[in-house]
Amino acid sequence: PVSVFENPKIASINVAHRIANLIKSKQASNAPAVLGLATGVTPIAVYSELVRLHKEEGLSFRNVITFNLDEYYPMQPNAAQSYVTFMNENLFDHIDIDKNNVHIPDGTLPLEEIPAFCLDYEKKIGDLGGLDIQILGIGRTGHIGFNEPGSAPNSGTRLVTLDDLTRRDAARDFGGKSFVPTKAITMGIGTIFKAREIILMAWSRKKASIIKKAVEGEISGDVPATFLQLSDNVEFILDEPAASDLT
Ligand code: F6R
């Protein structure tokens with residue numbers, strides 16, 4: 001299903017409250033809440049609302065376990081552009097999560113250790129019973145996570161090559177495209193698919209044409225987000241400009 005909200009703020013608060021309700025219902029049964037998280041501009045207001053709920057309304061994250069979708073490769077965790085830095089600044093440094101419960105793909109591994117790391121990432125998620133909710137943004141290539149065009153629907157966590165358009169879109173953060181890593185470690189489409197609930201968010205007119213393809217286009221590896229059409233557990237949460245090309 002597709003839900004269109006008046007603006008990204010209202011939509012983000014709605015998504016944050018769904019996450020908070022999940023966390024609280026898991027707390028009531030002494031169970032962990034297992035969250036799949038995204039970086040980028042899109043989820044920032046979701047994270048700020050979660051921080052507000054923690055600071056002002058006592059929402060605790062002690063029972064929360066997180067898995068981020070992706071990280072650039074190579075990437076040092078303390079670099080300004082790392083997704084570790086992003087998550088700390090936008091969420092983890094402001095809530096009471098146990099940092100041992102935070103998982104982000106490791107951009108510092110030697111190449112030969114990446115396959116085992118990726119299998120272990122999948123196993124950790126599986127051993128916890130899977131992701132309760134996966135939050136997604138969408139790239140202009142149609143990527144979810146860093147599953148670029150050509151990704152297989154059953155793909156798992158792995159090292160991938162970033163699309164040129166993705167690197168151009170990241171150029172501003174890195175001070176030029178040539179400084180954007182050419183690779184990343186990402187959860188796969190198959191990994192994302194196993195989540196019990198998938199929420200893809202998109203804001204602004206810039207995302208309208210890729211949202212039209214993702215929601216209404218032919219299902220194809222050329223636009224990886226189209227695979228979400230095959231899931232019964234996905235919801236597209238859009239603002240009006242991002243939804244404006246939908247029929
Ligand atoms: C980020 C991620 C990417 C972004 C996408 C949109 O962890 O996996 O798929 O969600 O590139 O980025 P923004 O939100 O910056 O437009």
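**Exercise 1. Find how many bridges join β7 to strand β8 (residues 183-186), and in which sense the two run.**

Solution. Four bridges join β7 to β8, and the two strands run antiparallel. Strands here are DSSP E runs of at least two residues, helices are H or I runs of at least four, and both are numbered from the N terminus. Two strands pair if DSSP finds at least two bridges between them.

Step 1: take the partners. T161 has K183 in β8 as its bridge partner. V160 has A184 in β8.

Step 2: turn to β4. Four bridges join β4 to β8 as well, again antiparallel. Here E71 has I185 in β8 as its partner.

Step 3: The order is β4-β8-β7, an open sheet of three strands with antiparallel pairing. Its edge strands are β4 (70-73) and β7 (158-161), each pairing on one side only. Neighbouring strands of this sheet are turned by 30° against each other on average, direction ignored. The axes behind such angles are lines fitted to C-alpha atoms, for helices over the stretch in contact; angles run from 0 to 180 degrees between N-to-C directions.

**Exercise 2. State what kind of model this is and how confident the predictor was.**

Solution. The model is predicted: local features need pLDDT of at least 70, side-chain atom pairs count only at pLDDT 80 or more, and totals for chains, interfaces and linings use all residues. Residues are numbered from 1 along each chain as its sequence is written.

Step 1: read the chain. Its mean pLDDT (the predictor's confidence in each residue, from 0 to 100) is 98, and 100% of the residues reach 70 or more.

Step 2: The ipTM is 0.99 and the pTM is 0.98.

**Exercise 3. Give the strand order of the seven-stranded sheet and name its edges.**

Solution. Step 1: the order is β1-β10-β9-β6-β2-β3-β5, in an open sheet with parallel pairing.

Step 1: the edge strands are β1 (2-5) and β5 (102-103), each with pairing on one side only.

Step 2: Strand β3 (residues 64-68) pairs with β5 in the parallel sense over two bridges. F67 stands opposite H103 in β5.

**Exercise 4. Describe the shell around the ligand.**

Solution. Step 1: count. 14 residues surround the ligand. The test is a C-beta atom, placed from the backbone, within 6 Å of the molecule.

Step 1: name the closest. These are G40, V41, T42, G137 and G139.

Step 2: sort by type. The shell has six nonpolar residues, seven polar and one charged. Ala, Val, Leu, Ile, Met, Phe, Trp, Tyr, Cys and Pro count as nonpolar, Asp, Glu, Lys and Arg as charged, and the others, Gly among them, as polar.

**Exercise 5. Locate the backbone features at N30, S204 and P74.**

Solution. Step 1: N30 is not a glycine, yet has a positive phi of about 55°. N30 is in the loop between α1 (8-28) and β2 (33-37). N30 counts as exposed because it has 7 C-beta neighbours inside 10 Å. The cut-offs are 20 or more other C-beta atoms within 10 Å for buried, 12 or fewer for exposed, and partly exposed in between, with C-beta atoms placed from the backbone.

Step 1: S204 also has a positive phi, near 85°. S204 lies in the loop between β9 (198-202) and α7 (208-216). With 15 other C-beta atoms within 10 Å, S204 is partly exposed.

Step 2: the peptide bond from Y73 to P74 is cis, with omega near -10°. P74 sits in the loop between β4 and α3 (83-90).
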